[in-house]
Amino acid sequence: MMHSLRARLLGWLLVPVAAFVSVTGLMSYEAARETAGLLQDNALLASARIIGEEVNWEDGVLIARIPPAALEMFESPYQDQVFYRVVKGGTGLLGGNPNLAFPAHATSRPVFYDSALDGRPIRAVAYERELYDSGTTEPVTVIVAKTQASYQAMLLTLWRPQLVRQGLMLALVVALALLGLTFELRPLIRLKDDVADRDALRLEPIRIERLPSELRPVVDAINQCIARLKLHATTQRKFIADAAHQLRTPLALLGAQIDCAHPCRHCGPLLADALAGIRRSSAKMTEMTNQLLLLAQAESSPPDRALVRVDLAAIVSCVLEELVAAAQRRQIDLGAELGETACVMGSATLLTALVTNLVDNAIRYTQEGGRVTATCWEEDDEVVLQVIDNGPGIPAEARAHVFERFYRGATDAEGTGLGLSIVREIAHSHGGSVALKPAAEHAGLMVSVHLPRRRD
Ligand SMILES: Nc1ncnc2c1ncn2[C@@H]1O[C@H](COP(=O)(O)OP(=O)(O)O)[C@@H](O)[C@H]1O
Ligand SMILES: [Mg+2]
């Protein structure tokens, strides 16, 4: 399962923050509830007291007058309903709503309680007062109750700013944490890019400067692994080079021996055919061995001392001279357009092999009577070599594969399939690049090699 370190770290950071915000949110709700409840209860008691003050004896009878001020104090935009009930001695109703319930436990002190009327929740206060008149005392209970709309509104008014503040704080924490995580995880992303963008053959260690200390052991371990791989690759390349080198002597010997064994008059045509076959195989094997050796040499980037100043234009004209006979055999018009000099730093042997392979391919795969042109010139910081032919070209789907080792197109011509791999390795080891393009009007092939120019 894929998971993002950033998302997980953010999660771990957010869990405690969210818990903290929830707890403080709950606490502020409780505080708001207490405040709103206290204000409501105070108003209820004040109203009950005002009503209680107005209950008086008149001619030996208790009369309750309800002053408007006692009920007006509850006026609010929330349209709360206010109820009252004045009772003498526990049963005698002096005024108000008879359905208003008494508190569960009657005491002499004011009692606040929650109740319901007509199915609506109400908050009520019961306030008791003793009234004296000519020797008689009568307990009078005043109950004032109201619905909860204004209370709820006040609760919300008190709580909402707190809630908004907490929400903003949470958002700020998330934003800052995201920013911090993105910023701090950048070395990890850079490291990923560094590794992901690598050429498969570039076995250089990963740079560890500017890496956080937690990542260093990981990168150190990877670097050790890369070093082992590099050693392994070097050993293997050396083995291939040695093997190819060792094969050259017996192959040269074999060639010489075959040349000596001229088919004589006494031997039949069978033996003559066999000898011709052996000669072809031996030549092919020699070519393959030489190409393998070149590839191994090109892959082991040349040590600095092997780099010399080389004029690529001169190399091209040498190679053309050598291949002119092969071109003539196929009636190919072999031409060149060369700049005066085109100097690069590199190995003359390898660069000769590069040019030879390209011109050899062009001659080999272009139809008889075709045209092959090699050009070489200096351009800004580069030396550009182009080999252009008017042969069949390489179909687009094969173009991606021709640089693979041992890949050969559909062709009857002899070959090893290593030529273009060698060309690419040599171009890369000289800090350059190779590109294939269809030559003009989609006929033939144009191979361009760009190498860094040597500045004097
Ligand atoms: N100039 C060219 N024109 C057409 N096809 C080419 C040309 N150069 C290379 N190719 C194709 O690319 C393939 C690979 O070339 P290369 O690596 O030199 O191997 P080889 O020449 O030994 O077959 C060839 O088999 C051929 O099909
Ligand atoms: Mg070739």
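Biologist: Which residues in H7 are buried?
Modeller: Leu312, Ala313, Ile315, Val316, Val319, Leu320, Leu323 and Ala327. Buried means under 20% relative accessible area (1.4 Å probe, protein chains only). This is a predicted model: local features need pLDDT of at least 70, and side-chain atom pairs count only at pLDDT 80 or more. Residues are numbered from 1 along each chain, and side-chain values use heavy atoms.

Biologist: What covers those buried residues of H7?
Modeller: The cover includes helix H8 (348–365) and strands E8 (308–311), E9 (333–338), E11 (371–379), E12 (382–389) and E14 (445–452). Helices (H or I, at least four residues) and strands (E, at least two) are DSSP runs. Contact means heavy atoms within 4.5 Å.

Biologist: Where is the kink in H7 centred?
Modeller: On Leu323, at about 45°. The bend is the angle between axes fitted to the seven residues ending there and the seven starting there.

Biologist: What happens at the start of H7?
Modeller: A side-chain oxygen of Asp311 comes within 3.1 Å of the backbone nitrogen of Ala313. After the helix comes Gln331, with a positive phi near 50°.

Biologist: New topic. How many residues surround ligand 1?
Modeller: There are 18, and the closest are Tyr365, Arg408, Thr416, Gly417 and Leu420. A residue counts if one of its heavy atoms lies within 4 Å.

Biologist: Which residue has a polar side-chain atom 2.8 Å from a nitrogen atom of ligand 1?
Modeller: Asp389. Polar backbone atoms of Thr416 and Gly419 lie 2.8 Å and 3.3 Å from an oxygen atom of ligand 1. The protein covers 94% of the 540 Å² of accessible area that ligand 1 has on its own.

Methods. Chains lettered and ligands numbered in written order. Buried < 20%, exposed > 50% of the residue type's maximum accessible area, 1.4 Å probe, protein only. Polar contact = N/O pair within 3.5 Å; in protein donor to acceptor, adjacent residues only side chain to side chain. Areas by Shrake-Rupley, 256 points an atom, 1.4 Å probe, with all protein chains shown as cover.
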